[in-house]
Amino acid sequence: MFWLALAALVLPTFIQIAIQDWGTDQAAHAPIVLATAIWIFARDGARARRLARPPSIAAALVALLPWLLLYAAAKITGLLEVRGLAIYGALIAILYGTGGVPVLRSLWFPLLYAIFLIPIPESVIDTLTQPVKLMISQAALATLSVFGYPVASSGVSIYIGQFELLIAAACAGLNSLISLTAIGIFYAYLQHRASWIYTAALVAVIFPIAIFANFMRVLTLVLVTYHFGEATAQDFLHEAAGLFMFAVALLTIFAIDTAARAALRRRSARHD
């Protein structure tokens with residue numbers, strides 16, 4: 001009965017989130033996060049079970065009840081993202097009820113990592129990234145102006161020659177920042193879980209890398225639009241540029257990590 005009730009709580013919302021959001025730029029990472037989070041839970045679950053110290057039933061109910069109330073409110077109002085957050089919190093509360101604080105402490109990373117399965121409303125992402133998009137577009141315009149291209153901007157539009165591009169569309173690759181962060185955090189945890197300072201430093205470089213990759217993407221799209229026409233830029237090359245820049249950003253993280261580890265090894269060898 002417990003597992004049936006848990007499935008009835010989780011599966012309908014989870015399936016709806018997968019259908020509605022997993023095909024978007026903001027949540028393209030979700031299948032990878034799901035698979036890797038399950039793997040980490042399976043790997044660390046046996047050790048966590050040995051540490052289990054269940055709390056009292058009253059404490060478990062106090063932890064669970066607010067999330068169930070939030071789920072009911074989100075279900076009534078139709079707020080899918082809030083419903084997903086409520087289920088996330090309820091699952092953590094259930095895990096606390098069955099294993100206590102030691103289990104939560106043991107599984108802290110997969111629990112935090114799984115938050116990337118919850119979609120962020122597109123309106124929130126647009127609001128948070130709009131200043132960065134404007135900064136990227138202005139930097140791209142300044143760079144192209146140096147090379148003599150006829151570029152200008154007005155409001156949310158970029159003009160080059162006789163063509164017009166929307167800043168939001170040109171900077172859409174910034175929406176993949178969440179996916180890049182999720183994959184980068186997973187990589188950092190696997191490689192450097194013993195060194196939290198190094199892991200935090202590696203994660204900190206993800207944001208500037210994503211900004212630079214999107215800057216290059218905007219330059220590419222504007223140049224393709226100018227030289228080959230708007231149809232070419234907005235068709236195949238628009239998607240190809242996004243995928244290429246995401247790959248470049250990811251490889252840049254790996255390259256920085258490799259170079260930093262090599263530098264640390266050389267420094268350690270000199271001290272020895």
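Me: How do helix α1 (residues 2-21) and helix α4 (residues 80-106) pack?
Reply: They pack at an angle of about 145 degrees, with their axes 10 Å apart. Axes here are lines fitted to C-alpha atoms, for helices over the stretch in contact, and angles run from 0 to 180 degrees between N-to-C directions. Helices are DSSP runs of H or I with at least four residues, strands are E runs of at least two, and both are numbered from the N terminus. This is a predicted model, where local features need pLDDT of at least 70 and side-chain atom pairs count only at pLDDT 80 or more, while totals for chains, interfaces and linings use all residues. Residues are numbered from 1 along each chain as its sequence is written, and side-chain values use heavy atoms, leaving out hydrogens and water.

Me: What makes residues of α1 and α4 count as meeting?
Reply: Contact means heavy atoms within 4.5 Å. Among the residues that meet are L6, L9 and I17 in α1, and I87, L91 and I94 in α4.

Me: Why is α8 called largely enclosed?
Reply: Because 13 of its 16 residues are buried. Buried means under 20% relative accessible area, exposed over 50%, and partly exposed in between (1.4 Å probe, protein chains only).

Me: Why is F186 called buried, and why is W39 called partly exposed?
Reply: F186 has a relative accessible area of 14%, which is under 20%. W39 has 42%, which falls between 20% and 50%.

Me: What makes the rings of W39 and F186 an edge-to-face pair?
Reply: Rings of Phe, Tyr and Trp (its six-membered ring) pair if their centres lie within 6.5 Å; planes under 30 degrees apart are stacked, over 60 edge-to-face, and the rest tilted. By this rule the count comes to 10 aromatic pairs. The centres of W39 and F186 are 6.5 Å apart and the planes stand at 80 degrees, so the pair is edge-to-face. W39 lies in helix α2 (residues 30-50) and F186 in helix α8, so the pair ties together parts 147 residues apart in sequence.

Me: Why is the pair of Y149 and Y226 edge-to-face too?
Reply: Their ring centres are 5.5 Å apart and their planes at 85 degrees, so this pair is edge-to-face.
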